[in-house]
Amino acid sequence: MEKKPSLVLLVAFTLFIVGVIGTVILPYFDGEINEPTANAEARNYKVDSAEARGREVYIQNGCQTCHTQFVRSVQADINQNLGPATAGGDYKYDLPHLMGSNRTGPDLMWVGTRWNESWQRQHLIDPQSTSPGSIMPSFAYLSEQEMKDLIAYLMSLKPADAKPK
Ligand code: HEC
């Protein structure tokens, strides 16, 4: 085998292509993943709406480095009562997507169903006051406008059918 580097390369390349077809090409044509869901429509914020601006504040302040926005249908997520499992189509308009990969804090996909606006404000200003022992940093330095927009964004994070029309 080691005497035939071209064969090794060919096998490696073939495996790579199989991987690309399975994880990139086929999902691209999978309607179930690509069809925007009602949740995607609910998160398709109008340009310059409070929620769209709040989403920018979320990104600028690195919330996504400690919080994910996806719920899996696994026991660990069900135990935490994070809400319904999310589907590919929920992220159709989520650009750049904020799924994240690190849960230093809880998942925020449906956090709009868990707390009200005044709790959100109090928690962002002084996390330890609402959540004793929290290691989340204070965001008291945000301007009043940024704070309002960020809270509007957080409150919008709920399943589409939980939203009053
Ligand atoms: C250094 C990591 C870290 C960063 C950065 C961070 N958080 Fe948190 N967050 C946490 C931790 C840990 C908790 C759980 C304890 C608590 O409630 O404070 C939490 C909890 C929360 C909760 C309550 C979730 C629930 O279901 O109870 C919300 C809402 C939240 N964070 C929003 C934000 C927003 C918005 C930002 C950005 C402005 C942010 N976090 C940045 C670590 C972080």
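Helices (H or I, at least four residues) and strands (E, at least two) are DSSP runs, numbered from the N terminus. On that basis the elements of the chain run α-α-α-α-α-α-α-α from the N terminus on, which amounts to 8 helices and 0 strands.

**Basis of the model**

The model is predicted: local features need pLDDT of at least 70 and side-chain atom pairs count only at pLDDT 80 or more, while totals for chains, interfaces and linings use all residues. Residues are numbered from 1 along each chain as its sequence is written.

**Domains and overall dimensions**

The domain assignment gives domain 1 (1–34) and domain 2 (36–162); such bounds come from an automatic or database domain assignment. The centres of the two domains, taken over C-alpha atoms, are 35 Å apart.

The C-alpha trace spans about 70 × 35 × 35 Å along its principal axes. The radius of gyration of the chain is 20 Å, whereas a compact globule of 165 residues would have one near 15 Å. This radius is taken over C-alpha atoms, and the globule rule is 2.2 Å times the number of residues to the power 0.38.

**Burial and contacts**

A residue is buried if 20 or more other C-beta atoms lie within 10 Å of its own, exposed if 12 or fewer, and partly exposed in between, with C-beta atoms placed from the backbone. Buried residues make up 21% of the 165 residues. Of the contacts (C-beta atoms, placed from the backbone, within 7 Å) with a separation of 6 or more, 74% join residues 24 or more positions apart.

**Nonpolar core**

A nonpolar core is a set of buried Ala, Val, Leu, Ile, Met, Phe, Trp, Tyr and Cys residues joined through C-beta atoms within 7 Å. The largest has 16 residues, and Tyr 58, Met 109, Leu 150, Tyr 153, Leu 154 and Leu 157 have the most contacts inside it. The elements giving two or more residues to this core are α4 (50–60) and α8 (144–156), with α8 giving the most, 5 residues.

Leaving aside neighbours within four places in sequence, Tyr 58 is in contact with Cys 63, Gln 64, Leu 150 and Tyr 153.

**Ligand surroundings**

The ligand is surrounded by 22 residues, the closest being Cys 63, Cys 66, Gly 105, Ser 131 and Ser 134; a residue is near if its C-beta atom, placed from the backbone, lies within 6 Å.

**Ser 138**

Ser 138 is found in the loop between α7 (127–130) and α8. Ser 138 is partly exposed because 14 other C-beta atoms lie within 10 Å.

Notes:
Contact = placed C-beta atoms within 7 Å.
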